[in-house]
Amino acid sequence: MMLNRRHIRVKVMQTMYAFKGSESDDFSKDQKFLLFSIDNMYNLYLLLISLLIEVQKRAESDLQKKQNKHLATKEDKDPNRKFVNNQLLKLLKENLPLKDQFDANKITNWELDGEYIDIIFKDIISSDLYKEYMKTRVSDFKEDKDFIVDIFKDIIAPNDKLYDYMEDKNLTWLDDLPTVNTTILKLLRKVKETSPENYFTPKLYKDIEDKQFAINLFKKTLLNATDINGEIDKKTKNWDSDRIATVDYVLLQMAICELNNFPSIPVKVTINEYLEISKEYSTPKSSIFINGILDKLVKEYEASGDLKKVGRGLM
């Protein structure tokens with residue numbers, strides 16, 4: 001699976017931020033946006049996997065052109081086909097479940113935006129990684145796999161032009177990129193020649209509960225907004241509300257909702273998750289601010305017996 005709970009929380013936060021947390025009974029449109037932006041993450045995954053396949057095709061047509069040259073050299077006529085025959089790229093190219101997903105999700109970007117394939121291809125063939133790899137003409141699956149892992153890690157994932165392209169195509173993709181890149185690297189590293197056909201079509205959610213968690217966290221935070229905001233206001237009396245970063249406010253709303261409405265999630269997990277998200281998405285001092293308020297609230301809930309957690313080790 002691709003999505004962990006933290007990324008689900010980030011997606012809810014982004015939707016809440018766009019929604020400005022206003023309390024209303026009809027947020028079906030925004031819930032749709034939430035689920036759509038999560039589903040769209042899978043398209044980003046498919047787009048990057050298809051990029052690898054297109055680079056292989058580009059290498060193939062490059063060799064073809066050289067062989068058909070009027071004044072083809074000896075090397076042009078008998079080229080080193082090691083990259084073109086890379087076993088991992090071949091595996092991806094021939095994978096039927098992947099093909100079906102490309103069709104179902106209309107992943108045809110590279111037909112229109114082929115210049116990005118050229119950019120990546122040129123970066124690959126001018127790299128030391130490539131020169132080292134092409135010193136021999138034969139390889140086993142492991143060498144082929146290690147090469148593609150390195151190419152993805154060092155050339156594709158950090159490519160600025162590709163990054164700008166993603167930003168241009170879909171704004172939510174930039175936040176998804178680290179998660180998707182990590183997923184792809186993990187899959188590439190662990191793939192075997194005997195891996196099942198559906199290996200490269202991972203599930204988006206771990207299980208149905210995770211999808212439900214996304215919906216519930218979003219809905220319950222909005223439905224209880226008045227009470228939650230009251231709690232935040234009581235704890236931030238000395239703060240000018242305009243000075244509280246909007247992201248921090250949204251994260252506090254979600255954390256308080258989670259503490260009160262998700263009995264099976266340990267208090268510690270909730271607090272840690274929102275502190276980590278704030279470090280990544282908000283100001284340098286946000287985590288200290290959020291931690292201070294949640295800490296006070298948890299102590300109050302414990303004292304009044306309002307903290308209802310089930311299962312062992314949940315405090």
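Analyst: The crossing of α2 and α12 is right-handed, a term for a near helix turned clockwise from the far one by less than a right angle; helices here are DSSP runs (H or I, at least four residues) numbered from the N terminus. The model is predicted, so local features need pLDDT of at least 70 and side-chain atom pairs pLDDT 80 or more, while totals for chains, interfaces and linings use all residues. Residues are numbered from 1 along each chain as its sequence is written, and side-chain values use heavy atoms, with hydrogens and water left out.

User: At what angle do the axes of α2 and α12 cross, and which residues make the contact?

Analyst: Two packed helices are described by the angle between their axes and the distance between the axes. The axes of α2 and α12 come within 11 Å and cross at roughly 145°, where axes are lines fitted to C-alpha atoms over the stretch in contact and angles run from 0 to 180 degrees between N-to-C directions. The contact (heavy atoms within 4.5 Å) is made by Asp 30, Gln 31, Leu 34, Leu 35 and Ile 38 of α2 together with Lys 211, Ala 214, Ile 215, Phe 218 and Lys 219 of α12.

User: How many aromatic pairs does a search of the whole structure find?

Analyst: A pair of aromatic rings is described by the distance of the centres and the angle of the planes. The search finds 8 aromatic pairs, counting rings of Phe, Tyr and Trp (its six-membered ring) with centres within 6.5 Å, called stacked under 30 degrees between planes, edge-to-face over 60 and tilted for the rest. Among them, Tyr 133 and Phe 147 are stacked, at 3.8 Å centre to centre with 0° between the planes; this pair joins helix α8 (residues 128-133) to helix α9 (residues 141-156), 14 residues apart. Phe 213 and Phe 262, by contrast, are edge-to-face, at 5.5 Å and 75°.

User: Which residue has its charged end over the ring of Phe 213?

Analyst: A charge sits over a ring if NZ of Lys or CZ of Arg is within 6 Å of the ring centre and within 35 degrees of the ring normal. Arg 5 has its charged end over the ring of Phe 213, 4.1 Å from the centre, and that of Lys 220 sits over the ring of Phe 262, 5.3 Å from the centre. Both Phe 213 and Phe 262 are buried.

Note on methods. Helix = DSSP H or I, 4+ residues; strand = E, 2+ residues; numbered from the N terminus. Buried < 20%, exposed > 50% of the residue type's maximum accessible area, 1.4 Å probe, protein only.
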